Every structure is written in structure tokens, then in C-alpha cells.
Amino acid sequence: MSHCTSHTTSANLRCLVKSIASFNGDISTMTAPPFILSSQSLTEYPAYWAEHPSVFVAPAHESDPQKRALLVLKWFLSTLKQQYSSRNEKLGSEKKPLNPFLGELFLGKWEDEAGVTQLVSEQVSHHPPVTAYCIWNSDHGVRLQGYNGQKVSFSRTINIKQVGHALLHIDAYDEDYLFTLPSLHIEGLIGGTPYVELNRTSYMQSSSGYTGKIDYSGKGWISGKKNSFSAYLYPEGRSEKDALYIIDGVWTDSFTIKDAKTKKVVDTWDHKKAKTTPLTVAPIEQQDELETRRAWQKVAAAIAKGDMDATSREKTVIENQQRDMRKKEKDEGREWVRTFFSRSESSPVFEALSKRLGSEAVPIDKDKTNGIWMFDAEKAREAKPPFREGMSIESRGKIRRVRSSLGGLGKRFGVLGGG
Ligand SMILES: CC(C)CCC[C@@H](C)[C@H]1CC[C@H]2[C@@H]3CC=C4C[C@@H](O)CC[C@]4(C)[C@H]3CC[C@]12C
């Protein structure tokens with residue numbers, strides 16, 4: 001990949017805008033000036049789903065199905081700030097993430113008053129780029145599974161359509177929730193401080209018969225505030241006119257949940273008051289070579305130093321290694337074996353819930369994501385150290401992940417076998 005490496009910000013931005021304008025939809029071919037490069041790979045992004053573990057597991061302890069659906073919707077809304085504005089807030093602007101290699105992993109866990117919440121994220125496809133993830137808390141019986149890719153296009157600015165979906169399962173009620181993912185675009189490019197704005201609408205559909213609709217109003221034509229939204233929870237088959245609850249607010253800040261009939265405030269959320277639990281990740285020396293922070297550590301160091309030559313050089317090392325592996329696999333007539341996920345012919349839960357969303361549904365499109373990707377508990381059980389310990393979804397209670405020093409792409413491949 002090439003870079004925009006002029007010493008002036010304006011020339012760099014012209015370079016970026018030019019690169020975007022001639023862009024073919026593949027994020028990895030996009031050139032970007034150094035100040036916009038992130039040292040974080042997209043495999044890390046699924047962690048944004050559970051930075052408030054107790055909000056993630058809360059629905060499992062609500063016996064009323066309507067209130068339960070509301071808690072699930074509340075959790076989804078509480079993740080938006082982390083998902084779409086955390087780089088912006090922590091790093092000063094949105095950044096271009098590292099383009100994960102096939103098989104790249106990001107593993108971690110959150111430990112807090114909600115017990116242990118575990119995360120497995122894996123790059124299951126490189127062309128097109130697709131990341132699959134599973135986040136679960138066995139203490140509370142809650143599991144989120146999903147996979148997504150992005151379709152990027154340019155008109156006025158960078159526009160991103162998300163492909164894929166997320167499914168939440170609550171064991172105690174054997175209930176599923178489907179989430180569609182909002183489209184987004186980049187603002188602030190010309191000023192040199194890009195940030196994300198969410199477009200239009202996204203949905204939630206529960207197997208228990210409730211639909212959630214979230215309208216994103218960008219610069220906030222209602223309240224005048226940036227990142228405004230209105231969300232509605234209504235019985236399946238109806239519309240926001242028959243809302244049971246209405247949620248208004250700003251997804252980067254706070255929101256209020258009102259009973260639609262009585263207009264009484266039943267719940268609130270405020271990011272200024274909410275605490276996030278940091279994700280624990282194994283120290284780099286103990287990580288497998290497929291784990292993102294270990295694999296990209298030299299690139300990350302080069303980016304941190306602003307050394308674009310070293311950045312390119314180190315990226316090339318990884319790209320060549322990947323190219324060689326793909327060639328070897330092709331020659332031997334096999335495919336890279338994913339560590340935690342398997343390609344599936346269909347996703348019955350997704351399809352059923354998607355149908356119930358009706359015309360608002362996003363069709364499942366295997367072509368855009370190189371297949372339908374499902375967490376494979378069998379594979380997870382069999383995955384050799386350092387992955388194995390504590391990876392069993394069925395296991396209850398707190399499990400310590402014991403790591404061994406076994407690692408190495410070659411060894412891993414040998415361990416899992418080809419074909
Ligand atoms: C910053 C500018 C100049 C470069 C553009 C970088 C693009 C590739 C970045 C900017 C914002 C990023 C998105 C921000 C948030 C999410 C939500 C997450 O759950 C999946 C990835 C996804 C959808 C990211 C995909 C990559 C993305 C679209």
C-alpha cells in the first residue's frame with residue numbers, strides 16, 4: 001500500500017481525497033497520510049460491543065419479555081459511542097485501521113462485577129475483508145455472534161455500508177435478537193479531523209415479537225445536536241406510531257427512555273456516568289503469532305514513531321508472508337483453516353428474524369462476506385494452547401485462561417491440519 005507522505009497537512013489531505021476519489025471499494029488499497037493511520041487492526045473492533053459487561057448481561061435477569069427487549073435495545077444504544085466515536089475521542093480523529101490478514105485473531109476478556117465476559121474475534125476472509133466475532137458470558141448465559149465487512153464508496157465523502165449482522169442470544173429465555181448495522185459516512189475530511197456520522201436507520205428484531213427502530217439524525221435536525229437519534233420499541237408488525245417506548249438522545253453522550261403512553265421517564269443512560277471495563281489481553285510475549293497485537297507489533301511501533309518507511313517495510317513483510325501462504329495452500333489444493341469459525345450454508349436464526357423484519361430486512365448475502373460465518377464450539381474446544389483454556393462456551397464459572405508458549409503460524413497450521 002502507498003502513503004500520502006508530504007510534510008504539509010493540506011498536501012496530505014489532497015492526496016487522501018484523490019486516493020478516495022479513485023477508490024475501488026477495497027479499503028486495503030486506500031492510501032492515507034501518516035497522521036490518519038491507526039496501529040489498531042479491525043479485528044479489535046468487535047470489543048466495542050461489550051465495554052459495559054453488566055449492561056450486556058442485564059437482559060438475562062429481566063423476566064418480562066417487553067422490558068427485556070428494552071434492555072437489549074438499551075445495551076445496543078450504549079455501544080454506539082465506543083463503536084463509532086472512540087478513536088475520535090481518544091486519538092483526536094477517526095483513523096484508518098490496519099487491514100487484518102486472514103486468520104488474524106484478537107482474544108480477550110472482561111472481568112468485573114458481571115463475571116467473565118469473553119471475546120474471540122477472527123479475520124475469516126481477506127478478499128473481501130470480513131471479521132467474525134463471538135462474545136459470551138457463561139455466568140449469565142448471554143452470547144453475541146456476528147460477522148461484518150464494509151462496502152466503501154465515494155461521493156462527496158467516504159460512505160460505508162456495513163454487510164453482515166449481529167445476533168444476541170439469551171439462554172434463560174432461549175431468545176434471539178437480530179441487529180442490522182447502520183451505514184455511516186466520514187465528516188471533517190477537509191478540516192483534517194475525520195469523524196464518523198451514522199446514516200438513516202438500523203433495526204433490532206427479537207424472537208419474542210418486538211421490533212426496535214433507530215433513526216439517526218446526523219447533525220440533529222430535531223435537537224440541533226450532533227449524533228442525535230430517536231429509537232422506538234414496538235410490537236412486531238407495527239410501526240413507531242405504536243411505540244411502547246421511545247428513546248431520545250445523543251449516542252455520544254446520553255439518552256432518555258420514556259414510556260410512550262405515559263411519557264414518563266423509565267430509564268436513562270449517560271456516558272459521563274457509565275464506567276467501562278477495560279478488556280484484558282495477554283501480554284504480547286505470550287500471544288500466538290496469529291494474535292493481532294503480536295503480529296502487527298513492528299508496524300505499530302513504526303506508526304507510533306511516524307516512520308513511514310519502516311511502516312511500509314514491516315507491512316510488506318506481513319503481506320509477503322500471507323501471499324506465500326495463500327500460494328502454498330492453492331498449490332496443495334486446500335484452504336486456510338479458521339481457528340474459531342466455520343463457514344455455514346445458512347443461518348436459520350438470522351433468516352427467520354430477518355423475514356420477520358420484513359421489507360426493512362437486509363438479505364443475507366454470502367457473496368459479500370465470502371460465506372456465512374458461525375462460531376464453531378467444536379473448533380474452539382479443540383483449539384490448541386494458547387487458545388484452548390477457557391474457550392468452552394458451555395463452561396460456567398470463572399475460568400483462567402492458561403497460556404503456553406506454543407505459537408507460530410507453521411505450528412498452528414500443523415496443529416489444526418489442512419484441508
Ligand atoms: C479516517 C478516514 C480518512 C479513513 C477511512 C477509514 C475507514 C476504513 C474506517 C473509518 C471508520 C471505520 C468504521 C468505524 C466503526 C466500525 C464499527 C465496527 O463494529 C465494525 C467496523 C467499522 C464499521 C469501521 C470500519 C472501517 C472504517 C469505515
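Guide: A residue is called buried under 20% relative accessible area, exposed over 50%, and partly exposed in between (1.4 Å probe, protein chains only). This is a predicted model: local features need pLDDT of at least 70, side-chain atom pairs count only at pLDDT 80 or more, and totals for chains, interfaces and linings use all residues. Residues are numbered from 1 along each chain as its sequence is written, and side-chain values use heavy atoms, with hydrogens and water left out.

The part to look at is β5, which covers residues 130-137. Strands (E, at least two residues) and helices (H or I, at least four residues) are DSSP runs, numbered from the N terminus. β5 is mostly covered, since 8 of its 8 residues are buried. Val130, Ala132, Cys134 and Trp136 point one way from the strand. Thr131, Tyr133, Ile135 and Asn137 point the other way, and these are buried too.

Next come the neighbours of β5. Two strands pair if DSSP finds at least two bridges between them. On one side, β4 pairs with β5 in the antiparallel sense over 7 bridges. A hairpin of 4 residues leads from β4 to β5. The loop between β4 (115-125) and β5 (130-137) is also where Pro128 sits. The peptide bond that joins His127 to Pro128 is cis, with omega about -5°.

β5 has another partner in β6, residues 142-155, and the two run antiparallel with 7 bridges. Here Asn137 of β5 stands opposite Val142 in β6. β5 and β6 also form a hairpin, with 4 residues between them. In that turn, Gly141 has a positive phi of about 65°.

Positive phi values turn up at two residues elsewhere in the chain as well. Asp174, which is not a glycine, has a positive phi of about 45°. Asp174 lies in the loop between β7 (157-170) and β8 (175-179). Asp174 counts as exposed because its relative accessibility is 58%. Lys263, also a residue other than glycine, has a positive phi near 65°. Lys263 is found in the loop between β15 (254-259) and β16 (265-270). At 56% relative accessibility, Lys263 therefore counts as exposed. By contrast, the 8 residues of β5 are buried.
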